[in-house]
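Here are a few exercises to work through with the model open. Try each task before you read its solution.

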Amino acid sequence: FTFSTDMTRGLLEGLVEDSFDVVFASKPLNPSQFDITAVSKQDLVLITPKDHPLAEKYVIDLRDTLQYPYIAFDSTSGLRPIISRMFSEIKGSPQVVYEVSEDQVIAGLVAKKFGIAVVPYMDILLQLDVKILPIAYPSYERKFYAIFNKNHYLPPVVQNFRNFIISHIPKE
């Protein structure tokens, strides 16, 4: 058993090159060569420093955030196109001051008052000096997928692991 972390693109490349039997990642942009199964979901939230003017709110409409500097996911992140679509839906564009690939780093920069950000909800946010605001409009949730290469032989142990994953997906 080997464990590795990377952005979705790098993980999928490893899957195609037979470096991995399975990856857990965002949905591939071109899913035709993959067998994908949604295994979990995560809501996207807005985070601000606790003393930010938006921190007074309980929920947020992204249209109300456009005047503030943003820390955004960089172009290597699978979340970048998702968040861009959210802003496209409100016909707005965030004022991006920093682009970062890791969501934990984005959260740290927000806690240090470098800007605000849309990130997936994660428990680490509760330990940082940030205000977590559910996004009322436009709403979106992030899904995680177990991804297998359709063109790759799966040894019995990997087939058993795949069956285990599928049998333990929470029912909605």
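**Exercise 1.** Which side chain does a polar contact join to that of Asp61?

*Solution.* A quick note on the ground rules: this is a predicted model, where local features need pLDDT of at least 70, side-chain atom pairs count only at pLDDT 80 or more, and totals for chains, interfaces and linings use all residues. Residues are numbered from 1 along each chain as its sequence is written, and side-chain values use heavy atoms, with hydrogens and water left out.

Now go to Asp61: the side chain of Arg63 is its partner, at 2.5 Å. (A polar contact is a pair of N or O atoms within 3.5 Å; within protein, one must be able to donate a hydrogen and the other to accept it, and residues adjacent in sequence count only if both atoms are side-chain atoms.) Asp61 has a relative accessible area of 16%, so Asp61 is buried (under 20%; exposed is over 50%, partly exposed in between, with a 1.4 Å probe and protein chains only).

**Exercise 2.** Find how the rings of Tyr70 and Phe87 are arranged.

*Solution.* Start with the centres, which are 5.4 Å apart. Next, the planes are at 90 degrees, so the pair is edge-to-face (ring centres of Phe, Tyr or Trp, its six-membered ring, within 6.5 Å; planes under 30 degrees apart are stacked, over 60 edge-to-face, the rest tilted). Finally, check burial: Tyr70 is buried at 2%, and Phe87 is buried at 3%.

**Exercise 3.** Which residues does Leu66 touch?

*Solution.* Leaving out residues up to four places away in sequence, Leu66 touches Phe87, Ile90, Gly92, Ser93, Pro94 and Gln95 (heavy atoms within 4.5 Å). Leu66 itself is partly exposed, at 24%.
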